[in-house]
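Please read the following walk through one protein chain with the structure open beside the text.

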Amino acid sequence: MLPWRLTYCNMSIYRQEVLESVLLERQQVLAQLASRMAWLLQAQTLLKELYPLGQDLVEVDRQYCKMEGFWKEYEEQVEKMEYVLMASVQLMSYRPETDEEKSVLDLVKLQYARLSEIWESVQEQAHAARETLNTVHPKLVHFQELCSEAGKLLSSAEMILASSQPIAKTLPKLREQSSTHADLEVSLQPISQCLQDIETAKGDLKSSGLQISTDLKNLLARFERRWLEVSRYAQARGVRIKEMLAKFGGAAMTVKDGTLPRGWSKMRNRNNIPLYTVCVRDGGTFTQTQHPELTALFSDLNTRYSHVHFGLYRTSLKIRALQKKLQLHFLSSQRALQIFASHLDNTEDALPISLLTEPLSTLYQQAEKDHSGKVKCGQNIDMTTSWILDMHNSNDSVLPVALKTSILILTGGKLEDKLKNLFMACANSSGEIVPKVFQSILNCLIKIPVSVGEGEVFTDNLVYEGMQALPQGIKSIKMANWLSWIRHNPKVLSWLPLLHRLAQTERKRHSVKCFICQL
């Protein structure tokens with residue numbers, strides 16, 4: 001009997017040890033569940049800060065940095081969480097034998113259900129936040145890099161302009177400054193492109209639901225002001241250098257009928273671009289692409305109308321002088337419309353110089369027939385070609401819409417007929433103008449005053465104002481929209497009505513010479 005009693009006693013002790021071991025294991029799992037639950041609650045709190053996206057770029061950048069740190073911890077917790085959930089499932093499959101086991105198991109089931117629910121929610125939010133931030137943050141980094149690059153480029157250009165020497169008075173130094181200024185103008189192009197890229201990137205960020213902070217808006221506004229000052233200063237310096245170079249080129253010499261000024265000769269390079277050469281005082285030669293008669297005219301206009309303080313009136317006087325010099329007032333806008341329709345199609349490709357001169361030759365030849373003995377056909381073609389290429393900063397080509405606008409806007413005839421013909425010349429086969437072509441027309445209209453040295457009065461901001469005057473969201477512009485836009489007297493076109501009034505006053509006689517218009 002004694003061995004049997006010992007065996008039973010040993011089994012009882014063993015069974016008690018097993019129960020205690022299972023109970024301890026379940027309590028450990030319960031403790032791990034509690035630990036994971038604490039982490040999940042912290043994760044939920046953090047995810048509220050990380051998702052959804054913040055209201056400005058600074059906050060999103062801060063969110064991304066936090067997400068990088070959170071994601072490493074999250075990946076570490078995934079394995080632990082899966083282990084605890086698996087252990088909980090296994091424990092819940094056992095049948096409790098004591099009240100204490102049942103109590104612990106009930107707690108495990110309760111914690112497991114709550115933990116599973118919160119864990120699923122945290123997983124969903126964590127992946128959504130990471131995916132969104134990983135999509136938006138590269139755009140944000142690109143935007144910040146563009147802003148940094150724009151600041152560096154502007155600072156470099158400002159330093160170059162600040163260290164520029166005064167305009168030289170000797171030809172060799174002028175040539176050196178002209179070459180240096182040409183390099184400067186090339187270096188300014190990346191700034192313009194960078195600012196355009198910033199606007200594109202800003203729009204991309206806004207489409208993602210981000211707002212630009214006030215500090216960043218102020219920074220972009222400073223960029224625009226600095227760029228406007230740099231570009232205006234560079235443009236004005238370039239004009240002064242050209243004016244000084246023109247003084248060495250015989251610009252003040254008289255022109256004989258249909259010929260170049262004395263000492264000038266004309267040649268063409270391999271691209272058929274006309275070049276004008278003159279001998280200078282040091283025995284060398286000076287070559288330019290601008291027709292010497294235009295160089296003389298622009299230099300004379302600045303002197304002749306320097307006393308006119310009203311910018312709009314001064315601009316119209318200069319453009320009227322240019323119109324008469326090119327004899328564009330002898331051309332009919334209706335005839336120009338027909339010639340453009342026969343020589344040019346609706347392509348948006350730039351016209352090489354050979355195709356540029358064809359419609360101009362036909363226009364002036366027709367004007368020569370209509371006004372016998374008054375129109376100098378050959379000289380006008382050369383000067384008009386030179387003016388259009390120089391106005392659009394091109395050496396060998398120009399867009400069709402630029403050619404049509406430059407010529408039609410300065411032809412003779414009634415103002416309303418001219419503007420209608422301009423619309424028809426630039427319209428597509430459906431008789432409509434798309435906003436892109438409309439903007440090209442405005443760019444050309446602003447370049448005409450700039451070509452006579454009035455860029456400070458007529459700035460690029462007027463093009464933006466003209467575009468804003470269109471109905472919002474308009475996709476095509478009809479003749480009625482065009483005429484309605486004109487009736488609102490857009491500033492970009494403000495010099496044109498005054499130009500027509502000046503032409504009318506020239507046909508009248510004053511009893512006393514006018515101090516302003518000198519008629």
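Which residues of helix 9 are buried? In this predicted model, they are Ile353, Leu356, Pro359, Leu360, Ser361, Leu363, Tyr364 and Ala367. The spacing of such positions can be read with a general rule in mind. An α-helix has 3.6 residues a turn, so residues three or four places apart point the same way. Helix 9 itself has 18 residues, and the distance from its first C-alpha to its last is 26 Å, close to the 26 Å expected at 1.5 Å a residue.

Helix 9 (residues 353-370) has a partner in helix 8 (residues 333-343). Two packed helices are described by the angle between their axes and the distance between the axes. For helix 8 and helix 9, the axes come within 10 Å and cross at roughly 145°. The crossing of helix 8 and helix 9 is right-handed. On the side of helix 8, the residues that meet the partner are Arg335, Ala336, Ile339, Phe340 and His343. On the side of helix 9 they are Glu358, Pro359, Thr362, Leu363, Gln366 and Asp370. By type, the residues of this contact divide into five nonpolar, three polar and three charged.

Now turn to helix 13 (residues 435-451). Its 17 residues should span 24 Å at 1.5 Å a residue, and its end C-alpha atoms are 24 Å apart, which agrees. The buried residues of helix 13 include Phe438, Ile441, Leu445, Ile448 and Pro449. Just after helix 13, Gly453 takes a positive phi of about 85°.

Leaving aside neighbours within four places in sequence, Trp495 is in contact with residues including Leu312, Ile319, Ile409, Leu445, Ile448 and Pro449. Trp482 lies in helix 15 (residues 479-487). Why does Trp482 count as buried? Its relative accessible area is 1%, and buried means under 20%. Lys420 is 62 residues away from Trp482 along the chain, yet their C-alpha atoms are separated by 8.5 Å.

Leu188 lies in helix 4 (residues 171-207) and counts as buried because its relative accessibility is 8%. Not counting residues up to four places away in sequence, Leu188 touches Ala157, Trp227, Val230 and Ala234. The C-alpha atoms of Leu188 and Ala234 are separated by 9.1 Å, although the two residues are 46 apart along the chain.

Arg320, in helix 7 (residues 311-326), counts as buried at 10% relative accessibility. Beyond its neighbours within four places in sequence, Arg320 is in contact with His329, Leu499, Ala503 and Glu506.

Finally, consider the whole chain. It has 16 helices and five strands. Of its 519 residues, 41% count as buried. Among the contacts with a separation of 6 or more, 72% come from residues 24 or more positions apart.

Conventions
Residues are numbered from 1 along each chain as its sequence is written. This is a predicted model: local features need pLDDT of at least 70, side-chain atom pairs count only at pLDDT 80 or more; totals for chains, interfaces and linings use all residues. Side-chain values use heavy atoms; hydrogens and water are left out. Axes are lines fitted to C-alpha atoms, for helices over the stretch in contact, and angles run from 0 to 180 degrees between N-to-C directions. Helices (H or I, at least four residues) and strands (E, at least two) are DSSP runs, numbered from the N terminus. A crossing is left-handed if the near helix is turned anticlockwise from the far one by less than a right angle, and right-handed if clockwise. Contact means heavy atoms within 4.5 Å. Ala, Val, Leu, Ile, Met, Phe, Trp, Tyr, Cys and Pro count as nonpolar, Asp, Glu, Lys and Arg as charged, and the others, Gly among them, as polar. The expected span of a helix is 1.5 Å times one less than its number of residues. Buried means under 20% relative accessible area, exposed over 50%, partly exposed in between (1.4 Å probe, protein chains only).
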